[in-house]
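Take a look at the structure below. Keep it in view as you read.

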Amino acid sequence: MRALLAIMGRFARTAPARLAGGILLAVATLASGLGLLAVSGYMIAGAALAGLGLIVFDTFRPSAAIRFFALTRTGARYLERLVSHDATFRVLAALRVDVFRGIARGREAAGRSADLLARLSGDLDALDAVHLRFAAPLAAAAVTLAALAAAFATLGTGLALAAAGPAVLLGIVGPVLLAVKGERDARRRHHAVDAVRRRLVDLDRGRTELAVAGRLGEAVAAVGAAADRVAAVEERQHRRDMIARAAGVLATQAAIAGALVAGAGLVGAGAVSGPVFALVVVAAFAIAELVQPLRTLALDLGRMLLAARRVAPLMRAGEAAGRPVAGSRARSAGEAGGVEAAGRPVAGSGSRFGGSGRVPAGSGAAVVLEAAGVAATGGRVAPLRGVSLRIEPGERVALVGPSGAGKSTLLALLAGLVEPAGGRMAVDGFAPEAGRPDVGLLTQRTELFRGTVRDALALGRPDGSDAVFRRALETVALWPVVEARGGLHMALGEGGAGLSGGERRRLALARLLVAEPALLLLDEPTDGLDAGTAARVMAGLAAATEGRTVVLASHLGDEAAFADRLVRVDGGRIVADARRGTELFERLMAGLNDRAAPTN
Amino acid sequence: MSGGMRPPDRTIPTAPASARALSVAASLVWIPQAFVLAGAVAGVVEGRLAGMADVASAAGLFLLLAVLRAGLDAWSARIAAGFATREKRRLRRMIAETAAAWSPVDATRPAPGEIALLASDQVESLDPYLTRYGPARTRLMVVPLAIALVVAAVSWASALILLLAFPFIPLFTSLIGAEARDRSRAQLAEVGTFTGVLLDRLSGLTTIRLFGAVDRTAEAIADAGDRIRRRTMSVLALAFLSSAVIELFSSIAVALVAVWVGFTLLGWIGFGATLAPVDLATGLFVLFLAPDFFQPLRDFSAAYHDKAAADALDDRLEALVRPARAGIVGTGGRAPTGDAGPPPAVTVEGLTVAAPDGAVLVEGVSLDVAAGERVALFGPSGSGKSTVLAAIAGLVAPSAGTVRLGGAAVDAATADAARGRIAWVGQAPLALAGSLERNLTLIAPGDRAAMDRALAAARLDGLVARLPRGLRTPLGETGAGLSGGELRRLAVARALLADRPLILADEPTADLDAETAEAVRGALAAAAEGRTLIVATHDPALARRMDRVIRLEPRAAGNGIAPAGEDHRTAEKAGADGAAEVMRAADAGAPSRSGDAAVVAGSVAAGEGRA
């Protein structure tokens with residue numbers, strides 16, 4: 001519940017005026033509906049008495065009020081929905097920014113699995129309803145009921161109690177209690193639905209192995225069992241839902257009956273006139289509209305609480321990170337992971353990484369590693385032990401060796417993506433750190449985003465000109481493809497959809513080139529390209545990185561041939577180091593694979 | 001909506017008639033309630049009901065009817081909810097059973113995860129439709145008419161007011177709703193959703209960190225959110241109009257009824273009463289009924305949006321689950337017998353496999369493998385090696401031809417038992433969510449010593465020793481933590497542990513670096529001891545290690561005739577020399593054939609990738 005309150009707090013801080021305005025408009029809507037019926041009852045009763053000649057009745061004001069309420073009810077309802085939704089969307093956008101910052105700044109490794117992302121997405125969607133289906137209806141119902149009770153109380157306390165009492169107990173307290181009681185089932189149901197998904201993924205991915213193992217039937221049964229679990233939880237929820245529904249209906253009906261009896265008493269005592277009595281009874285009708293949105297609370301609240309518990313920590317971290325702090329990159333060189341920087345810092349180190357980081361052609365960074373290591377973390381990254389390596393500015397080095405040997409880990413270490421476990425290291429005199437603009441890494445997995453090609457390249461260089469971007473695309477032999485589809489304005493879908501795998505790879509490479517880092521770390525840069533395209537890309541790369549330091553990881557001969565020095569990594573250690581022209585170099589080259597013909 | 005294109009029979013049914021009837025009954029209870037209440041109020045106002053006892057008995061009757069109404073409503077909801085639960089369970093089981101029968105070589109299968117999402121979240125989103133839509137539609141057909149008739153019995157003028165207002169509402173709402181739908185479709189394609197934008201960026205978080213662009217990206221997400229909000233609001237501004245129209249017309253109609261009743265009672269209007277002059281009781285009665293005349297329309301307009309979810313799910317079922325696909329032979333259930341027996345001979349005669357869309361994967365393949373023999377099916381991508389292997393394991397039903405294991409045909413009745421003798425080493429082996437040990441013992445359990453022996457033979461002992469949690473190391477949904485080569489060696493270890501007499505290996509060394517590939521070759525060679533082994537591969541070094549190489553030609557594209565003049569000719573050579581010869585021939589012929597192979601590869605390779 002505290003997590004949910006935190007989320008609601010975020011709502012309140014982000015768009016306080018709009019949210020409050022939405023609730024007031026909701027109250028106005030309810031009040032108009034109430035007024036429309038109540039005044040109608042008042043007028044009819046008054047007209048009846050006047051028609052019998054018992055009283056003199058002014059019909060002008062009631063009929064004007066009826067027309068007024070008919071219009072305000074429509075208008076207020078329409079405006080309320082616009083304002084509430086607009087406010088909610090503002091909060092949703094802000095919440096997503098918070099969550100992004102929270103995850104981006106988090107200590108946990110960058111690679112969140114698709115599974116976790118799917119869960120996060122479900123949670124965020126569940127929280128969308130916090131205001132629209134929980135806070136706003138509850139607040140509007142409470143305010144309207146309080147106003148109604150106060151108005152009735154001026155006629156008689158008993159009347160107020162008789163009409164508002166059942167509405168509060170059955171219409172508001174009841175659903176909330178049921179929701180709290182049902183929270184655990186809502187959570188169980190969510191987990192059971194998730195089990196359906198996970199088990200089907202296993203069945204789908206493992207159909208061959210499962211069939212051969214004779215366990216496909218079991219896998220189907222496991223999905224069925226999860227579906228049964230969902231059904232069993234739902235059965236329990238239905239019972240509560242039934243009670244909540246019945247309570248909602250009875251809340252209104254009991255209030256009407258209460259108003260009838262208490263009002264008749266007041267008429268008998270001469271405290272209230274006939275038309276006002278009719279007004280009171282009919283006003284109680286409006287309670288139906290007020291408590292109806294709360295009926296589904298029993299089903300929704302549990303899911304919201306679960307989502308809030310998982311999202312609130314990310315939100316808090318993100319909100320804290322969002323407050324301006326002097327550039328996170330300005331961390332001093334020696335701080336990262338307690339590793340001492342080898343080499344000599346350049347003067348003015350504080351602002352060293354503050355600028356664009358772009359360096360003119362011909363200036364590469366030196367790399368120094370002394371007994372550096374990376375610990376095994378549950379098999380996620382291949383560990384490194386006692387790696388010592390010195391790379392001179394402008395050198396081109398290829399890391400070779402079997403998969404899982406630690407090539408990618410070594411690149412990630414130099415890029416500051418993994419925590420070092422001891423040793424000394426420096427790139428251009430500074431400890432590696434993610435986000436250094438003078439170091440660029442092309443990750444093995446191509447990561448592109450929704451937006452235009454220009455947006456993609458601007459990630460590498462926010463102030464880049466069209467000419468710069470076009471040149472980079474030409475370097476990686478991608479410009480003809482892009483030019484034919486709208487040039488730099490070509491739109492990319494999520495994950496770069498719209499380009500083929502090989503084209504995405506080359507766009508990511510171009511994005512790295514426009515950043516003009518002094519050290520380029522390339523993890524299998526031409527993976528998935530055919531031989532001809534790969535040759536053109538590597539030639540373009542050679543020209544574009546003239547004088548810069550390049551370290552690439554590869555198991556392909558034509559890719560590694562780019563390098564003047566081969567460093568062989570195996571079992572987390574450097575086991576060979578050879579420069580072009582030596583016999584060892586040739587032997588290492590001979591051990592690399594040929595580029596396979598594309599298989600699809 | 002796409003409804004016009006499909007046959008009228010909806011596969012997702014609505015709530016049963018009993019739920020619909022009860023929900024109508026619950027709504028209709030309001031008519032006697034309104035009658036009782038109107039009489040009581042009029043009695044009090046006119047001073048006829050002086051005693052509290054009379055009022056209390058009227059209130060009691062009203063409450064009694066209210067309990068009936070609440071009971072009918074809850075009962076209806078209960079039936080509808082139970083129906084929804086059963087229907088969702090049925091859909092989930094149906095999806096799982098259908099998906100389990102699909103052959104792994106069918107390239108048109110939905111991507112992993114699509115089916116899973118369909119069965120979990122998308123089926124879950126059916127709830128409102130299953131529970132609400134049917135009752136709301138029936139109420140819309142019955143309740144307004146019933147109320148109009150009752151009102152007409154009192155006052156034809158009031159009934160006329162209600163009936164005149166009614167047809168305008170669906171007209172306007174459908175116009176407004178259609179435009180809102182078009183706009184929202186255009187908008188979704190253009191800007192995405194709030195969550196989509198976030199997930200898109202999170203999926204590339206490493207890159208964002210590397211470019212030091214966390215803050216820039218946060219701003220970009222905020223900007224995108226702002227754009228999405230503006231566009232969504234422009235759609236909603238229109239969509240909300242449709243419910244505003246309902247509100248407006250119902251409010252105006254209620255107001256008109258109230259004014260008519262009031263003016264009639266004052267004697268200012270002399271027409272409109274049906275049977276008897278309208279008095280206070282009947283006037284209030286009409287007023288009380290008027291809002292409930294419109295309530296079913298409101299309910300239905302809310303439920304109408306639920307139908308969109310059902311239509312969307314139906315479209316997904318149509319696209320993913322209902323199309324005919326190549327299936328496996330048998331059920332994939334556990335083999336009845338315990339003893340797997342001696343290494344079997346494998347005979348394939350005239351095997352043809354065609355996908356339901358007509359694509360021929362292999363045609364007319366025949367081969368003989370002796371018991372205990374080690375054979376490579378050698379050929380370029382697209383020659384159908386993997387499909388032949390899958391057919392031997394009964395993982396795809398042949399369109400023609402037979403497969404025999406140890407002399408017995410593999411058919412629907414025997415396939416499960418036949419698979420009980422087979423171990424499979426796939427190109428992208430499965431890592432189930434669970435521990436390394438669970439994955440190792442997927443086919444058969446084993447004690448610690450047996451597991452260690454299997455791991456050592458598959459050359460995985462070093463890796464397991466390095467892992468901090470050893471055999472208890474969890475493997476993620478996609479087998480995170482193990483490389484492709486390690487996963488394949490795990491599959492070899494699994495095969496060894498299961499001690500099955502026939503091992504089928506599908507491209508076990510594809511896409512591996514030279515050293516890892518060599519480790520897998522060694523592991524396979526060790527596993528083949530005392531077993532029959534068939535390997536589908538285009539790796540010459542692996543083929544060279546086998547006793548015999550069977551070369552598979554790709555089908556020529558277009559005319560179905562291979563370059564040699566015969567479909568799917570197999571060339572066989574015994575021994576290492578023969579293998580070398582076959583491979584030389586393959587190398588020499590490769591350039592001229594590559595065009596054909598690439599075309600056929602389109603369908604086959606995609607299927608292999610998923611297996």
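Predicted model: local features only at pLDDT ≥ 70, side-chain atom pairs only at ≥ 80, totals over all residues.

Chain B holds 19 helices and twelve strands. It has 611 residues, and buried residues make up 52% of them. Now take the contacts in chain B between residues at least 6 apart in sequence. Of these, 81% join residues at least 24 apart.

## Where the chains meet

The two chains touch. On one side are 139 residues of chain B, and they are in contact with 131 residues of chain A. Which element gives the largest share of the side of chain B that touches chain A? Helix H9 (residues 214–265) of chain B does, with 25 residues. By residue type, that side of chain B has 80 nonpolar, 34 polar and 25 charged residues.

One contact can be picked out by name. B:Arg78 sits in helix H3 (residues 52–100) of chain B. Leaving aside its neighbours within four places in sequence, B:Arg78 is in contact with A:His238 and A:Met242. B:Arg78 counts as partly exposed, because it has 18 C-beta neighbours inside 10 Å. Residues between the exposed limit of 12 and the buried limit of 20 fall into that class. From B:Arg78 to B:Ala218 is 140 residues along the chain, and their C-alpha atoms are separated by 46 Å.

## The largest nonpolar core

The largest nonpolar core has 398 residues. Those that touch the most other members are A:Ile44, A:Ala259, A:Leu260, A:Ala283, A:Leu521, B:Val41 and B:Val257. Helix H9 (residues 216–268) of chain A gives the most to this core, with 24 residues. Each of domain 1 (2–322) and domain 2 (355–590) of chain A supplies at least three residues to this core.

Which residues does A:Ile44 touch, not counting residues up to four places away in sequence? One of them is A:Ala278. Others, from chain B, include B:Ala258, B:Val261, B:Gly262, B:Leu265 and B:Leu280.

Helix H1 (residues 2–14) of chain A has 13 residues. It reaches 18 Å from its first C-alpha to its last, close to the 18 Å expected at 1.5 Å a residue. In H1(A), A:Leu4, A:Ile7, A:Arg10 and A:Phe11 are buried. Why do the buried residues of H1(A) line one face of the helix? Seen down the axis, they fall within an arc of 110°, so they line one face.

Now turn to helix H14 (residues 448–457) of chain B. Its buried residues include B:Met451, B:Ala454, B:Leu455 and B:Ala457. They cover an arc of only 165° around the axis, which puts them on the same side of H14(B). The face turned away from that buried side carries the exposed residues B:Arg448 and B:Ala449. After H14(B) comes B:Arg459, whose phi is positive, near 60°.

## Positive phi in two loops

Most residues other than glycine have a negative phi. A:Asp428 has a positive phi, near 55°. It lies in the loop between strand E4 (424–427) and strand E5 (439–442) of chain A. Is A:Asp428 buried or exposed? A:Asp428 is buried, because 24 other C-beta atoms lie within 10 Å.

B:Asp499 also has a positive phi, near 55°. B:Asp499 is in the loop between helix H16 (484–498) and strand E9 (502–506) of chain B. With 15 other C-beta atoms within 10 Å, B:Asp499 is partly exposed.

## A residue in a strand

A:Asp577 is in strand E11 (residues 573–579) of chain A. A:Asp577 is partly exposed, because it has 17 other C-beta atoms within 10 Å. How far apart in space are A:Asp577 and A:Val567, C-alpha to C-alpha? They are 4.4 Å apart, though ten residues apart in sequence.

Key:
Residues numbered from 1 in each chain as written. Chains lettered and ligands numbered in written order. Helix = DSSP H or I, 4+ residues; strand = E, 2+ residues; numbered from the N terminus. Expected span 1.5 Å × (residues − 1). Arc of directions from axis to C-beta. Contact = placed C-beta atoms within 7 Å. Nonpolar A, V, L, I, M, F, W, Y, C, P; charged D, E, K, R; others polar. Core = buried A, V, L, I, M, F, W, Y, C linked by C-beta atoms within 7 Å. Domains from an automatic or database assignment.
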